[in-house]
Amino acid sequence: MNSERKKKKPRVAVFKFASCDGCQLSLLDAEDELLAVAGAVEIAYFPEASRAMLKGPYDIALVEGSITTHPDAERIQQVRRQARTLVTIGACATAGGIQALRNWKDVAEFIRVVYPSPQFISTLKLSTPIAEHVPVDFELRGCPINHYQLIELIAATLAGRKPNIPAYSVCLECKRRGNVCVPVAHGTPCLGPVTQAGCGAICPAYDRGCYGCYGPMESPNTASLTSQFRILGQSGQEISRAFRSFNAWAWQFRKASEECERT
Amino acid sequence: MNGRTRTIRVETLARVEGEGALTIKLTGDRVTDVKLRIFEPPRFFEAFLKGRHYSEAADIVARICGICPIAYQMSALHAMERALGIRIDPAVRLLRRLFYCGEWIESHALHVYMLHAPDFLGYQDAIQMARDHRAVVEQGLRLKKIGNRVVRLLGGREIHPVSAAVGGFYKTPAKSALRELEEDLQWAIEASLATVKLVAGFEFPDFEQDYEFVALSHPEEYPFNEGRLVSNRGLNIDAAEYEDHFVEQHVKHSNALHSVVRGRGSYLVGPLARFNLNFDRLPALAREAAQAAGLAPPVKNPFRSIVVRAVELVFACVEALRVVREYEPPPKPYTEAAPRSGVGQAITEAPRGILYHRYALDENGLIVTARIVPPTSQNQKRIEEDLREFAAQVAAWPLEEATWKCEQAIRNYDPCISCATHFLRVNVERE
């Protein structure tokens with residue numbers, strides 16, 4: 001029995017809530033590592049990739065997407081009960097996603113804008129991150145996540161160690177990449193100083209400002225950045241919109257966006 | 001079987017993008033009900049685009065779909081450029097074709113090898129398939145990776161790339177950077193020709209339908225971003241006329257909207273439609289591969305879409321190589337735009353079929369209204385009709401086999417449910 005258990009591979013499951021599928025696709029996008037990962041773990045539940053859907057419990061549950069409906073609010077409870085380790089993958093699961101823009105609006109009006117027969121649609125007022133519903137063991141940032149970070153996270157979890165996923169800002173990655181600082185050199189507004197690293201500072205490398213898709217870094221000075229944006233000629237409304245994208249409901253970005261909106 | 005009633009029920013459709021379910025009710029050999037339900041939660045993109053600046057739309061709408069973000073970016077950008085009255089540089093146009101080739105290669109390789117081939121070879125998934133067919137799966141993964149490499153080079157990353165801008169790109173690559181793709185693309189052309197041969201050898205059910213095929217058509221090119229919208233039943237319109245000819249209906253069992261041709265009903269978009277309406281504009285290598293695989297337009301068997309998708313892989317690899325060799329950087333990465341009020345519509349060919357966008361802008365360049373019609377919601381009614389016809393053929397089969405075959409019939413469309421919810425549960429019920 002004991003030796004039997006040792007041979008058993010850790011069971012991984014992938015669950016989806018309100019999202020674009022991009023973060024779970026990141027796993028399939030790890031073309032060089034996919035077959036090796038599939039050899040090291042048992043992919044027990046991953047409907048986007050397989051018809052075989054095995055029942056829990058699971059050693060690692062990767063959760064993509066935010067909670068936006070009553071059935072999903074119940075389903076995440078079931079997922080938590082079946083998962084030894086629950087990891088959220090991406091901005092939707094970690095911060096509510098772009099669909100959290102509804103949180104500042106009347107959702108009933110949103111339904112009327114999109115659907116000709118609003119009475120068929122059932123939805124919650126808010127789009128909320130997974131951690132507002134159940135305890136989360138680790139939150140992987142990004143819209144989308146970086147698949148190297150995902151593989152590091154799976155490997156670390158299986159080894160029982162802390163994953164090497166830094167919480168510093170995009171600025172550090174930008175310097176390391178040798179990018180020109182776009183606000184300093186070109187006067188381009190950039191959320192890099194307040195945004196967590198992980199993407200590899202791609203936006204500045206492509207001659208544009210960071211748009212914050214990895215969410216707030218560990219200690220973001222949004223007030224200072226806001227005043228810099230004003231110096232660059234941005235209006236309150238424009239700055240507010242900059243904070244209100246894929247991580248709009250992350251509290252630091254939310255607070256900054258609300259302060260700018262009023263001024 | 002007699003009058004016994006049974007139900008084919010699939011609670012969670014696998015190997016599709018997003019969340020759906022299927023229910024088919026059979027009474028004897030008669031199909032009494034087909035419901036493709038989408039329980040993917042609605043995300044209201046069209047509503048929260050209101051008040052955003054035209055320059056923000058491409059990055060926002062990319063998040064509708066992690067599988068085909070470039071399609072969303074392309075339709076959005078072309079619609080904005082039309083609203084703003086700006087023209088793009090020919091080199092930018094060429095680069096956008098290359099960008100789209102990357103997405104088609106990545107998406108088609110994913111669907112052919114990882115999502116659809118396991119149905120034909122009898123595996124639950126590609127990972128199980130790899131135990132017996134490792135070289136096949138590795139070939140698919142390498143093709144997919146090459147598509148992703150093209151996207152990453154132009155856009156910084158595979159999913160939600162960051163370089164596409166109104167008027168062009170934030171940054172355009174050096175000629176030498178694109179030249180580095182040549183060797184990979186040459187391999188990819190050979191691998192995609194091998195893919196056509198491989199999938200042409202699969203077994204296909206005898207199942208043909210009388211479809212209205214709808215696709216873009218361009219006089220000289222296999223379509224991506226430009227052309228008129230045509231069909232085999234006489235449709236020939238500009239993107240601006242789309243809403244005069246197509247209407248979305250909201251059905252109770254689904255969070256997606258069903259789109260129909262006014263006065264006619266369902267239609268089919270995607271690889272079959274493009275191939276049937278644009279066959280003579282495929283490069284010679286792709287046409288020859290199709291002919292050797294026994295494909296001649298019109299292909300009316302949706303199960304053969306996997307072969308057509310493989311032919312489109314050949315096209316995308318050949319076209320990508322052409323662009324890489326011909327590319328000369330534009331004088332500036334993007335054409336500047338000045339905000340103005342206006343309306344712009346655009347249709348581009350996502351891997352799954354046509355994607356329509358319309359935006360109305362105010363004088364400050366802020367979005368007043370947005371309308372998005374993704375390919376899967378255009379195909380959804382047609383998928384249900386296919387199932388209604390096809391389920392009757394498999395009604396006498398053991399339930400598990402019938403269910404699997406019906407799921408395969410859905411996967412013929414490479415449905416993207418995340419997109420269609422702006423879509424799907426399979427349940428076959430025998431009452």
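In the predicted model, the centres of domain 1 and domain 2 of chain A, taken over C-alpha atoms, are separated by 26 Å. Domain 1 of chain A spans residues 2–159, and domain 2 of chain A covers residues 170–261. Contact between these domains involves 14 residues of domain 1 of chain A and 13 residues of domain 2 of chain A. On the domain 1 side, helix α5 of chain A (residues 91–95) makes the greatest contribution, supplying three residues. The composition of this side of domain 1 of chain A is six nonpolar, seven polar and one charged residues.

Between the chains, 49 residues of chain A are in contact with 46 residues of chain B. Several helices of chain B each provide at least two residues of the side that touches chain A, namely α1 (45–48), α2 (57–62), α4 (90–121), α5 (126–132) and α6 (134–155). The largest share of this side of chain B, four residues, is contributed by α6(B). By class, the residues of chain B on the side touching chain A comprise 18 nonpolar, twelve polar and 16 charged.

With regard to confidence, the model has an ipTM of 0.94 and a pTM of 0.95. The average pLDDT of chain B is 92, and 95% of the residues of chain B score at least 70. In residues 422–431 of chain B, however, the pLDDT falls below 50.

How values were computed: Residues are numbered from 1 along each chain as its sequence is written. Chains are lettered from A and ligands numbered from 1 in the order in which they are written. This is a predicted model: local features need pLDDT of at least 70, side-chain atom pairs count only at pLDDT 80 or more; totals for chains, interfaces and linings use all residues. Two residues are in contact if their C-beta atoms, placed from the backbone, lie within 7 Å. Ala, Val, Leu, Ile, Met, Phe, Trp, Tyr, Cys and Pro count as nonpolar, Asp, Glu, Lys and Arg as charged, and the others, Gly among them, as polar. pLDDT is the predictor's confidence in each residue, from 0 to 100. Domain bounds come from an automatic or database domain assignment.
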